[in-house]
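Here's a quick briefing to read with the model open beside you. Take a look at the structure, then work through the points below.

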Amino acid sequence: TAIEQSIEGIKQTVGVIQENVEGNTQSISTLQQTANGIEADVTALDRKFNEDLQAKELRDNISKSLLSLQSIIGLFSADMNSYMEDNRLSDVEKEEIAGYIDGVESARLELNIHLDTIISALRANGQIDQANTLTTRKELLNTSINNLKTNITNACVDDMFTNAEMTAIISYFANINSKITETKNLVDEYI
């Protein structure tokens with residue numbers, strides 16, 4: 001509440017700022033009393049400062065998660081190409097692959113947390129179709145990642161890559177990159 005009174009004592013202004021539970025609406029009520037009369041005015045301002053901050057934070061978290069996943073997939077893909085050149089895996093290469101698989105899994109889980117947050121928000125806002133679409137997109141991305149990990153793990157068992165395994169691995173990397181881009185575009189649209 002702000003109270004202003006002029007020096008002459010003939011004008012008085014009272015301002016009241018009220019916010020609703022979400023902090024999205026700000027109402028300002030003013031009462032002006034002058035020698036000529038009393039004037040009351042109520043003004044409502046729609047400010048979405050909390051919502052915008054939450055959306056920005058969520059967008060930033062999603063972007064970081066997607067970038068993290070895409071970065072590790074890119075590095076993993078480049079190194080896998082060099083591992084597959086001679087069709088044989090050394091113990092060092094196997095350890096590096098295991099490290100990449102752990103990194104991909106960690107990035108996938110982090111991304112899923114943020115995607116689940118958006119899906120929950122969409123459902124809470126009654127946007128069921130969008131929530132279902134994003135859930136499907138998330139599942140497709142997770143399936144692509146799991147297929148890549150399974151295929152690489154199976155190829156590592158005998159320390160060799162067959163032509164079919166190399167083709168599948170390259171295809172899975174491309175598929176994951178495609179799914180990441182599709183997911184990012186959908187999330188940008190929904191946020």
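Let's start with helix H2, which covers residues 91–124 and has 34 residues. From its first C-alpha to its last it reaches 49 Å, close to the 50 Å expected at 1.5 Å a residue. (That expected span is 1.5 Å times one less than the helix's number of residues.) Keep in mind that this is a predicted model, where local features need pLDDT of at least 70, side-chain atom pairs count only at pLDDT 80 or more, and totals for chains, interfaces and linings use all residues. Residues are numbered from 1 along each chain as its sequence is written, and side-chain values use heavy atoms, with hydrogens and water left out.

**The overall layout**
- The protein chain has four helices and four strands; these are DSSP runs numbered from the N terminus, with helices being H or I of at least four residues and strands E of at least two.
- Reading from the N terminus, the order is β-β-β-β-α-α-α-α.
- Of the chain's 191 residues, 31% count as buried, meaning under 20% relative accessible area, while exposed means over 50% and partly exposed lies in between (1.4 Å probe, protein chains only).

**Helix H4**
- H4 takes in residues 163–190, which makes 28 residues.
- Its first and last C-alpha are 41 Å apart, close to the expected 40 Å.
- Buried residues in H4 include Ile-169, Phe-173, Ile-176 and Tyr-190.

- Just after H2, Gly-126 takes a positive phi of about 80 degrees.
- Asn-87 isn't a glycine, yet it has a positive phi of about 65 degrees.
- You'll find Asn-87 in the loop between helix H1 (49–84) and H2, and at 27% relative accessibility it counts as partly exposed.
- Asp-159, also not a glycine, has a positive phi near 60 degrees.
- Asp-159 sits in the loop between helix H3 (128–157) and H4, and its relative accessible area of 26% makes it partly exposed.

**The nonpolar core**
- The largest nonpolar core has 38 residues; such a core is a set of buried Ala, Val, Leu, Ile, Met, Phe, Trp, Tyr and Cys residues joined through side-chain atoms within 4.5 Å.
- H1, H2, H3 and H4 each supply at least two residues of this core.
- Among the residues with the most contacts inside the core are Leu-69, Leu-134 and Ile-152.
- Setting aside neighbours within four places in sequence, Ile-152 is in contact (heavy atoms within 4.5 Å) with Phe-76, Met-80, Ile-97, Ile-101, Ile-169 and Phe-173.
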